[in-house]
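I set out to record, entry by entry, what I looked up in this structure.

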Amino acid sequence: MNTMKKYWLVLSPDTFIWLKGENGLLYQSVNHTQVPFKNVGTIKSLAGQLDDIDNLYRVELTEEMLQQPEVNGWVRQIVDKQCGRLLENNGTGNRPASMKPVLKLQDGVKYYEWLHRQGIDGCVIQNLHEVVFYLNGSASGDDVLHRQLVYPSTTDAVADREKVIRFVKESKVSPFLSKLSLAGNLLVFPHLEEMAEELQAICPVKLYITVEDALNGLPQLKEWADKLSVQILVNDFPSLEMLLDANGWCAGLQFTLVVTSVQTYEAATGIINKYGLEHVELVPAYTGENLPFFEDCIYPDAGELAGVSLSKKDIFIRQTLNVTDFGKLYIEPDGKVYANLDNAPLGMIDDSPHDLVYKELTEGHSWLHIRDQEPCRECVYQWLCPSPSNYERVIGRPDLCKMAMGNEA
Amino acid sequence: MENLKISSKDIAYNLVHLPQLVFEVTDACNLRCKYCGYADLYEGYDKRENLKFPFHKAKLLIDYLHVLWQENECGGVVEPVSIGFYGGEPLLNVPFIEEVIAYLEGLPPVGKKFHYNMTTNAMLLDKYMDFLVEKEFRLLISLDGDKEGQGYRVDAAGRNSFDRVFANICLLRDRYPEYFDKFVMFNSVLHNKNSVESIFHFIKNTFGKEPSISPLNNSGIRKDKVEEFQRTYRNYAQSIREATNCEALKTEMFIKEPGTKLLLDYIYNESGNVYYTFNHLLNSSKHLSYSPPTGTCTPFSKKMFVTVKGRILQCERINHEFALGYISDKGVELDWDKAAQQHNGYVFRYERQCRSCAHRKACSQCVYQIDDIQEETTKCNSYCSDKQAEQMNTYCMAYLDRHPELYRRILKEVVVRG
């Protein structure tokens, strides 16, 4: 009679298992620990069984298997890092079971397409969360930055005020619309304050203006800052110091400081400390000439990926949609509407917001642009990396990664 | 929890996006079903007086809603509105139904697409099927299974309605097979003259449809009728257990089987793997973290029900004393503030119980189904302690262990709508 002991290895429902060729990774989304492993031999067979959803995240182990050093070390790591449990299989039928973390998004794009075929698609517009209106260009605008963050371009075009208001009124049917951004050289846009207040009655409004433009109208800026949220865009730090030296009412302002090198990063932090600035975000930007800065300071490496702290839901989100782009429309002064300024326009400001949202969800390349392409889809860190960003589009690479196919495990 | 109370703004929002408007077309019926919610076993409803809904009142209500819809119309957005015709037996007042539909279809477009539904006993189906098919009515036919199962669905003379109903359904199927396939469903009541197995197999084998089977409503029983109710009542899960081949029936019924339904609820509510929409997944808005006491719908978030006497309720399944407004000869009397306050008043009676209830985030208890709601000591029927929840979770995982394929099937095949 065979008296060899048997065990159940069962993974936690909070643990993800990713298998890519000879590489495997377990990621525990509550305590954020990882178990990278070589997906070969007995481990490959065991991991494959765990990965099969119908096995309820459990696999039977024999004592003989556990005596294999690789398997033993792997199982020990799984247990020690609370990615799973090892239980004796006493044959009583009380088998452990667990539900592999697989997302079910009930009403996704297919549902919207089905509704559309029935001629009823009212809920699609609920995916519109933010609209960025570029009202005009600016002499201090920057066409490269414009493609990476909310920053004015240098265009001469000027938005049609009535069309902006109509678009917002048509968008308000989305209960999830939570932000309207107005950007450009706002000081020269006719009746800006009046329009902003009208829009504010529908949805919170934020103004974006470069620090150079702001310096040309400080009294006006102060008036706006008393009523509205104002974000100062800074790509020229001496101008920022001028602004900060010129007045004592900056408490209500928020700042975006563009960082393109180690030197600009140091300059930015120096100003933040000198003036005690609050409400500041440092945003890296690609200039076309600073790739080494991105490679050294922005691209994630194995150490950074090992320190990722994402919840199960964070991972599901990354598997489903683009965290940066989803829910946002950008409208240029010439009326063209984009889901991302690096992709083709979706339509014009004269189109209904509903139709634009439907088009982006069903045909677009921005809101649902996830990290599912080569080489990322062959990498076990695929879903621990951020959503694809504008930097990748501007730099022209499918990933910003030092992982050499990502598999340094 | 104060900020979870609803206001007139919520009522307005719900009316603007009203998904379903249901008219009690008539309180008359050509059957005398023993277990009917308006019959002897139950209390709390207006006395049945063979009334018919007057069209001019329906017009007043439609105009009232149409103004709201017009004011809030947004380009490109077309929302579905289901117009329901409820009874009594709605086919006893078809002229009203025809007038309502003609009126709705003659109104200027306001970003709404109307479709129609009806629950019928099918006694008059032969007479009106052409009209129902033309308007693509979603038809829910009440049929309790075979002739024996239909035994409580009798006419005024006490005769079993099965032969006539069955003939009418067959006629519809034969004359309009595509319509029948797409738009017809069955609803059955479980009692001591039928069983889940007999109902399910009779309807599936005869018409190729899986019926919805409900036990008798156990809310609002007259005190002097409790014994009679208990004799007539049959427990759903028990009836499945008593089936000839219980396991085969369970597999065939999939999520209509109570154990699988429990597992479905567990996976939807407790696994953290199921999200209804992109917004639900992102959970970026206060709208989705909204978790007021109990699972009671906010008024008009799912439907508006209007009784034959013009009372406006949020659902046909609740006692008429909870009406939120009414339609007079002059117009619609619906005070949004008052409706919100009434809702808050009843729902927040259970606030303290909800705080410690393990099901508070996935509650489906409607407060209006709690019989002692007016009592100060009222207790929620669905309160669940942590220990009970733990036991339920253990039960669900053990059930899943016995049917491991159900996790994949539920994730892939099931869609849950409110």
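I began with a term: two residues are in contact if their C-beta atoms, placed from the backbone, lie within 7 Å. The model is predicted, so I kept in mind that local features need pLDDT of at least 70 and side-chain atom pairs count only at pLDDT 80 or more, while totals for chains, interfaces and linings use all residues. Residues are numbered from 1 along each chain as its sequence is written, and chains are lettered from A and ligands numbered from 1 in the order in which they are written.

**Entry 1: where the chains meet**

I looked up the contacts between the chains and found 35 residues of chain A in contact with 32 residues of chain B. On the side of chain A that touches chain B, at least two residues each come from β7 (104–105), α14 (312–320) and α15 (353–363) of chain A. The largest share, four residues, belongs to α14(A).

I then sorted this side by class. Ala, Val, Leu, Ile, Met, Phe, Trp, Tyr, Cys and Pro count as nonpolar, Asp, Glu, Lys and Arg as charged, and the others, Gly among them, as polar. I recorded 17 nonpolar, 10 polar and eight charged residues.

Next I asked which strand of chain B pairs with β7(A). Two strands pair if DSSP finds at least two bridges between them. The partner is β7 (residues 274–275) of chain B, joined in the parallel sense over two bridges. Here Leu105(A) stands opposite Tyr275(B).

**Entry 2: a sheet in chain A**

I counted 16 helices and 16 strands in chain A. An open sheet of three strands in this chain runs in the order β5-β1-β6, with antiparallel pairing. I noted that β5 (58–62) and β6 (84–88) of chain A are at the edges; each has a single partner strand, so one side of each is left without a neighbour in the sheet. From one strand to the next, the twist averages 25°.

I followed the pairing of β1 (residues 6–11) of chain A with β5(A), which extends over five bridges. In it, Trp8(A) stands opposite Glu60(A). Helix α3 (residues 69–80) of chain A packs on the sheet and touches β1 and β6 of chain A. Its direction makes about 115° with that of β6(A); axes are lines fitted to C-alpha atoms, for helices over the stretch in contact, and angles run from 0 to 180 degrees between N-to-C directions.

**Entry 3: Gly111 of chain B**

I located Gly111(B) in the loop between α3 (94–106) and β3 (112–120) of chain B. Is Gly111(B) buried, exposed or partly exposed? A residue is buried if 20 or more other C-beta atoms, placed from the backbone, lie within 10 Å of its own, exposed if 12 or fewer, and partly exposed in between. Gly111(B) has 18 such atoms within 10 Å, and is therefore partly exposed. Leaving out residues up to four places away in sequence, I listed what Gly111(B) touches, including Trp69(B), Glu73(B) and Cys74(B).

**Entry 4: each chain as a whole**

I noted that 40% of the 409 residues of chain A count as buried, and 33% of the 418 residues of chain B. Along its principal axes, the C-alpha trace of chain A spans about 90 × 55 × 35 Å, and that of chain B about 55 × 55 × 50 Å.
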